[in-house]
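Biologist: I have a structure open on my screen and I'd like to learn how to read it. Can you take me through it feature by feature?

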Amino acid sequence: MNSKKKNLVCLLALLLFTTGVHAGARKTVYPVVFAHGLSGFDNLLGYYYFGNDYGTFVGDPCDEFLETACNGSISSSQKALAASVTPFQSSEVRGTQLADRIQNYMTSTGATKVNIIGHSQGGIDARKAAAVLRARYGRQVVHALISVSSPHRGSPTAKYILDLGPGVTSVVNALAKLFGNAIYGSGNDGIAAAKQLVYNDYSSTDGITTGMKAFNTNYNVNSSNAAYWGSIITAQDSINTNPALYLLKEGFYNIDGDGYCVDDCDNDGAAGKGDGTRGNNDDDGLVGINSQQMGDRLQYNECALCFDWITVNTSLGYVSNLNAPTSAQMTSKSSVVSQDHLDVVGVPPDTFDEEEFYASILDFIVSKGG
């Protein structure tokens, strides 16, 4: 390359950074509520939930002079809330708590609506919260509802734990209560949480109907509860997976999460069935790809010299009935983000840019009127 071409390339690169192309996300019209998943709140394996690898909340704008512990990829006037609910509970309970947190936040800030980004069980809680808020206010309160890595049609890992029997599940539940009560307060129930995340009703003798199939019937995709519905799908294999999830997959239970069936045809705890091949990028360590799409499937586009962006995968279509996706919606690996279940909320080690990832979601929400 001659000197003139080199100078032109350098000038172009300089313009990209100085003219705002890489500046970041626009401010959303309505505040964004971040809803955490199972066992979360402000701590997940010792790391801040919805943080980068250094503990900075991805929704914290750089709105103070010389502030560095903030997300420089979002607007300095962005409004966001990291909501907290009971770490281990059903989404019936957690969803109502999330609605309470949102209502209190709206009262204190004067906001008329909110957007919700929910990770894992948080994306399920968000559906209940949207319905509760709709009933309380008599109108739509949630504009955009985006789920990330959410087991809308169940998680085989939850059933695997329950199937270990009372001797093991009682210990797991005791640990869940000990941990949950320490970081949040009383009311934690690991068994109720696990039963929530199994597709079918786990027990016919416990006096209650649990599971995602029934929950989806009660809190399905509904334009009365939220104006826009979208989901981001994650999957990752091999040693790139978080060490805790890698140990789970290699030593205990490896999900086969990319086969099609309307119901839970292989009784693994999630709707669909396996295709007979495990370890082929069909799950993120805790949730199969056949369980994750709700509404639109969103594609995360990374850019080295510009701002990352989100688009809609229109070829796969829209999941309006969470209990009846198409075969392609349950098995396609198109637009799947190559990250595990923990990478996307700030649990290292990884090279994932959580700040720009969530900033791109915020900017996408703006494009949808939120």
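Modeller: Let's begin with one term: a contact means heavy atoms within 4.5 Å. Before we use it, note that this is a predicted model, where local features need pLDDT of at least 70, side-chain atom pairs count only at pLDDT 80 or more, and totals for chains, interfaces and linings use all residues. Residues are numbered from 1 along each chain as its sequence is written, and side-chain values use heavy atoms, with hydrogens and water left out.

Biologist: Okay, which residues does phenylalanine 34 touch?

Modeller: Leaving aside residues up to four places away in sequence, phenylalanine 34 touches Phe50, Phe57, Val58, Gly59, Ala80, Leu81, Ala82, Ala83, Ile117, Tyr358 and Leu362. Across the protein chain, residues 24 or more positions apart make up 74% of the contacts with a separation of 6 or more.

Biologist: What helices and strands does the protein chain have?

Modeller: Helices (H or I, at least four residues) and strands (E, at least two) are DSSP runs, numbered from the N terminus. The protein chain has 10 helices and seven strands.

Biologist: And how much of the protein chain is buried?

Modeller: Buried means under 20% relative accessible area, exposed over 50%, and partly exposed in between, with a 1.4 Å probe and protein chains only. Of the 370 residues in the protein chain, 54% are buried.

Biologist: What is in the largest nonpolar core?

Modeller: A nonpolar core is a set of buried Ala, Val, Leu, Ile, Met, Phe, Trp, Tyr and Cys residues joined through side-chain atoms within 4.5 Å. The largest one has 29 residues, and Phe34, Phe50, Ile117, Ile232, Phe357, Tyr358 and Ile361 have the most contacts inside it. Two or more residues come from each of E1, strand E4 (142–148), strand E5 (226–232), E6 and H10. H10 gives the most, with seven residues. There is also a second, separate core of 25 residues, with Leu98, Ala129, Ala226 and Leu322 among them.

Biologist: Now the charged side chains. How many salt bridges are there?

Modeller: Side chains of opposite charge can pair when their charged atoms come close. The cut-off here is a side-chain nitrogen of Lys or Arg within 4 Å of a carboxyl oxygen of Asp or Glu. A search of the whole structure turns up eight salt bridges. In one of them, arginine 26 meets aspartate 363 at 3.0 Å, N to O. Arginine 26 sits in the loop between helix H1 (3–18) and strand E1 (32–35), and aspartate 363 in helix H10 (residues 354–367), so the pair ties together parts 337 residues apart in sequence.

Biologist: Are arginine 26 and aspartate 363 buried or exposed?

Modeller: Arginine 26 is partly exposed at 44% relative accessibility, while aspartate 363 is buried at 18%.

Biologist: What about arginine 94 and its partner?

Modeller: Arginine 94 pairs with aspartate 125, with the closest N and O atoms 2.7 Å apart.

Biologist: Last one: which residues line the second largest pocket?

Modeller: Rolling a probe the size of a water molecule over the atoms shows where empty space is left. On a 1 Å grid over the protein atoms alone, using a 1.4 Å probe, a pocket is an open set of points with protein on both sides within 12 Å along at least five of seven lines, and lining residues have an atom within 4 Å of a point. The second largest pocket is lined by 13 residues, of which Ser90, Gln196, Thr209, Thr210 and Gly211 lie nearest its centre. Helix H6 (190–196) and H7 each give two or more residues to this lining.
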